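Please read the following note with the sequence and the model open side by side. Each numbered point takes up one aspect of the fold.

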Amino acid sequence: QDARTLGKELFHEMGPDGEDALFAFLQNKLKSWQSSLMSYRPLAETGDYPGKDHIADGLLAVKKLLASDNSYKFIQQLNEQKNALLDFADHLTNLEQFYEHQKPTWERLRKAYDRYQRNRLELERNAQAGVALKRMQQILNAVSPYSLIKETEGLIATVSAVNSALVAAARQQALAKIDGHLATVTRDIEAAKGDAGLRAACMRPLEELKGAVLSEESLAHITQIEAEALKEFDIATSRIEESVRRATEQSKEKEEQPRLVLKKKRVVEPAKLVTSSYLETQADVEAFLKILRSELEQALTKDERIEIR
């Protein structure tokens with residue numbers, strides 16, 4: 001009768017009165033537990049889903065009980081393990097709720113958290129997103145996260161809003177830079193009277209990078225694309241200058257007046273002209289301006305056009 005009462009507490013169903021019938025009833029219920037736990041185990045063992053230890057403990061306890069084919073011995077062992085079985089029944093209820101109902105929400109949380117890792121440093125600088133991202137991590141690392149999963153949608157919404165704003169701003173900046181490069185290259189090609197081949201060689205890489213910015217979600221990668229666009233811009237400038245040089249040489253060979261005029265570009269980066277971290281005195285400022293002026297005047301002396309970076 002103790003085992004029969006325990007069975008009702010464990011399985012929410014009163015077993016039959018009678019040793020053999022109760023033995024069969026309780027064994028079938030434990031086999032049902034075993035089947036459920038076996039179905040949960042593969043996902044839990046990946047480490048991406050909760051319950052691994054509880055599943056392992058439950059399977060071990062059930063296996064020991066099912067190993068007994070003597071009804072009296074089985075009932076005796078069941079009663080001896082009453083407290084442990086009642087504790088596990090609570091864990092099993094959580095596991096069933098998770099794997100049967102909460103798993104899709106958990107997967108959204110896990111995928112969102114992984115996705116936001118690419119912009120983690122920037123997100124953590126935002127008060128709301130930083131707190132939400134930390135809470136997502138706490139839930140994912142919790143031994144028993146089942147009661148916390150209801151927070152998922154709100155946390156994702158908070159981080160998503162900040163992440164979208166950061167990505168949009170980074171994209172806008174990168175696109176503005178690339179559009180500026182494209183506009184300059186277009187003007188230079190027109191001045192050089194470049195053909196379709198030169199236009200394609202100069203424009204296509206920049207246009208492809210512009211497309212990459214529109215699909216990129218990582219702030220670091222957007223910055224990387226922006227830097228790559230600057231390199232492609234310099235390569236395009238060199239191509240155009242080389243095209244003008246060849247055209248000029250051909251004009252000289254034909255004893256014709258050069259028709260193309262495109263000054264060579266000189267890139268001046270003021271920050272690289274400073275040897276100290278700060279300009280702290282008037283003398284520091286004067287020294288810096290002297291170096292900068294000299295660099296600019298050298299470019300003009302060589303009839304070069306200056307690009308400040």
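The points below go from the whole chain to single residues.

1. Basis of the note. The model is predicted: local features need pLDDT of at least 70, side-chain atom pairs count only at pLDDT 80 or more, and totals for chains, interfaces and linings use all residues. Residues are numbered from 1 along each chain as its sequence is written, and side-chain values use heavy atoms, with hydrogens and water left out.

2. Secondary structure and overall form. The protein chain contains 11 helices and 2 strands; these are DSSP runs, numbered from the N terminus, of H or I with at least four residues for helices and of E with at least two for strands. Along the sequence their order is α-α-α-α-α-α-α-α-α-α-β-α-β. The chain is more spread out than a compact globule, because its radius of gyration is 36 Å, well over the 19 Å that the globule rule gives for 309 residues. That radius is taken over C-alpha atoms, and the rule is 2.2 Å times the number of residues to the power 0.38. The C-alpha atoms fill a box of roughly 115 × 55 × 30 Å along the principal axes.

3. Of the 309 residues, 36% are buried (buried means under 20% relative accessible area, exposed over 50%, partly exposed in between, with a 1.4 Å probe and protein chains only). Among contacts with a separation of 6 or more, 66% join residues 24 or more positions apart; a contact means heavy atoms within 4.5 Å. The chain carries 45 positive and 49 negative side chains, and the centres of the two sets lie 4 Å apart. Here Lys and Arg count as positive and Asp and Glu as negative, while His and the chain ends are not counted; each charge is placed at NZ of Lys, CZ of Arg, CG of Asp or CD of Glu.

4. Nonpolar cores. A nonpolar core is a set of buried Ala, Val, Leu, Ile, Met, Phe, Trp, Tyr and Cys residues joined through side-chain atoms within 4.5 Å. The largest has 47 residues, and Trp-33 and Met-136 have the most contacts inside it. Elements giving two or more residues to this core include helix H1 (2-11), helix H2 (19-44) and helix H8 (152-191), while H5 supplies the largest share, 12 residues. Apart from this core lies another, of 24 residues, among them Ala-170, Ile-178, Val-185 and Leu-219. Beyond its neighbours within four places in sequence, Trp-33 is in contact with Leu-10, Phe-11, Val-62, Leu-85, Phe-88, Ala-89 and Leu-92.

5. Two loop residues with positive phi. His-12, in the loop between H1 and H2, has a positive phi of about 60° although it is not a glycine. With a relative accessible area of 68%, His-12 is exposed. Asp-303 also has a positive phi, near 60°, and is a residue other than glycine. Asp-303 is found in the loop between helix H11 (282-301) and strand E2 (305-308), and its relative accessible area of 46% makes Asp-303 partly exposed.

6. Is Phe-288 buried or exposed? Phe-288, in helix H11, is buried, with a relative accessible area of 15%. Not counting residues up to four places away in sequence, Phe-288 touches Pro-270, Leu-273, Val-274 and Leu-279. Arg-239 lies in helix H10 (residues 219-253) and is partly exposed at 35% relative accessibility. Leaving aside neighbours within four places in sequence, Arg-239 is in contact with Leu-198, Ala-201 and Cys-202.
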